[in-house]
Amino acid sequence: MGALSSRMLWGWRRPAPGQPSAGGEEDLVEAAMAVVDEVEEESEARTTTSQLGLKRKSDPGGPHGEEPPRKCAKDSTGSVYEALFLKGEDSDVQIRALGAAWNLHKVYLCQSGYFASMFSGAWREATKDIIELQMPDENIDREAFHKALGSLYQDSLIILPSQVLSILATASMLQLDKLIQQCGEVMKKTVSAQTVCSYYYSSESYGLPNIRTMCFQWLLDNLMTQRSEQLLREVTLDLMKELIASSELFVLEVEMNVYTKLKQWMFLQLQPTWRRHYRTLLTDTNSWFDRSKRESEGTPFLETQQGRAFVPVFQQLRLAYIICDLSSARSIDHDAVIPAAWLTPMSKEQCLAPLLAEQIRDIRPITVSALHGNSMHCGAQLRRDEMCSWRWTGFNFGWDLVVVYTNQRIIFRCSVVNKCCSLKVSSLLQRKIAFRLHLASVDRAGIAVFRNDTEYQILALGKDQELVVVNLENQDVVFPIYVSCNFLYLHREGHDPQ
């Protein structure tokens, strides 16, 4: 038999029996039916393999460079499906796989690029009446293989989220582009905390870059707000590193919250049998690391054998914005997770930062890449459409920046009277920062239903001066809104970003 080719899905595992699904069965069936309708409407302009990003080998100029045209009858009543597929009437080939056998028809099977190559090429199966197949992908099961073969005999196929990854694996092997497209549409409509990681990994394995991008954005929007230990368990080291490094990560409050989330994630990676309520996760995490510190006699955890694997992820933390807060600095010191060798240079920089802010007059130009990599993460939640204000500390160097939401506008205000910030108010007449705002509202599944992003801007405010930075008038705003901001302080004579 000729060699089989299929992209393997290493990251995905089928849910265990009894594990909660992404939603109610009726909702899933309704979503699946909607996908069927959409894919059928687009059938005349069917997406090709190259458009989906699948990396299949083809023979330029050969008879199978494209999906072969359909030369067989299919109807919407199900009579063809029942007589020819289910009953196998007038079969001319038997396919055996996964402990089952299907009596089928080559004219229908040749709608699949895989079978078209088998029956028309130099494969030894081309003239056989019985064909034994070995599945190259562990994610292909008997039910998915049955559905994929059946799709060649009928006009539409309902795919539930619980089946979509195994059907995607089968469709990828059989080179069924229309079925791959339908799987992608199902994934778009059913992404949630329960499915996002498996969808992300499968999109990488089976060449669906648009699904990968969608899942990554979902994680950026929801990672810091979702209270799900299952979600944290499923995020791999490489994926977490990419998320924490992104300047688009939605952060509630300040950078210290990112460190806390990472510590919980690391605990779950190291303790896969932990199964208590999420509200006890932080307490159990702190207790476990306290015990580890005693057992290692104070050696920073990331320098232990267990911790070294997590170093690349924790290196993405923006530590300069953590240790500038006394309470956060004390927590970092107590946890003994991060090596002192990482913190000492940061502490020195923070000691010099106020002097630089007041006295430096010659600074190199700031690039946008520097803004992405060095800006401070901070965020807040607007629960309802009413006036509120807050402060983010850590970047200000004695400058009290107040953020105000009122009349569907977000305003930055430079305050002279610093009543609640422990740092001294600077005597400089004007301060300059680069900033960017992300606003998003998400539904119960975590999918963004409203989004408003700004580009990086330079803000120069004098004392008691204010500036409207976002205007939401005449927009379909949905509350609550998450507000995430990137800040980078620019010294007195700093240049604008290039």
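Colleague: Which residues of helix 10 are buried?

Modeller: This is a predicted model, and in its helix 10 the buried residues are I211, C215, F216, W218, L219, L220, D221 and N222. Each of them is called buried because the cut-off for that word is under 20% relative accessible area.

Colleague: How do you know that the span of helix 10 agrees with its number of residues?

Modeller: Helix 10 runs over residues 209–222, and at 1.5 Å a residue its 14 residues should span 20 Å; the end C-alpha atoms are 20 Å apart, which agrees.

Colleague: Why is the aromatic pair of W265 and F310 called edge-to-face?

Modeller: By the rule for ring pairs the count comes to 18 aromatic pairs. In the pair of W265 and F310 the centres are 5.5 Å apart and the planes stand at 85°; because centres within 6.5 Å make a pair and planes over 60 degrees apart count as edge-to-face, the label follows. W265 lies in helix 13 (residues 255–270), whereas F310 lies in the loop between helix 14 (281–295) and helix 15 (311–314), so the pair ties together parts that are 45 residues apart in sequence. W265 is buried, and F310 is buried as well.

Colleague: What makes F289 and F301 an edge-to-face pair, and which parts does that pair tie together?

Modeller: For F289 and F301 the distance is 5.1 Å centre to centre, with 90° between the planes, and the label therefore rests on the cut-offs of 6.5 Å and 60 degrees. F289 belongs to helix 14 and F301 to the loop between helix 14 and helix 15, so this pair ties together parts that are 12 residues apart in sequence. Both F289 and F301 are buried, and together with F267, W274 and W288 they form one aromatic cluster.

Colleague: Why does C378 count as buried, and what is the relative accessible area of C485?

Modeller: C378 counts as buried because its relative accessibility is 0%, and C485 is buried with a relative accessible area of 0%; the cut-off is under 20%.

Terms used:
Residues are numbered from 1 along each chain as its sequence is written. This is a predicted model: local features need pLDDT of at least 70, side-chain atom pairs count only at pLDDT 80 or more; totals for chains, interfaces and linings use all residues. Side-chain values use heavy atoms; hydrogens and water are left out. Helices (H or I, at least four residues) and strands (E, at least two) are DSSP runs, numbered from the N terminus. The expected span of a helix is 1.5 Å times one less than its number of residues. Buried means under 20% relative accessible area, exposed over 50%, partly exposed in between (1.4 Å probe, protein chains only). Rings of Phe, Tyr and Trp (its six-membered ring) pair if their centres lie within 6.5 Å; planes under 30 degrees apart count as stacked, over 60 as edge-to-face and the rest as tilted.
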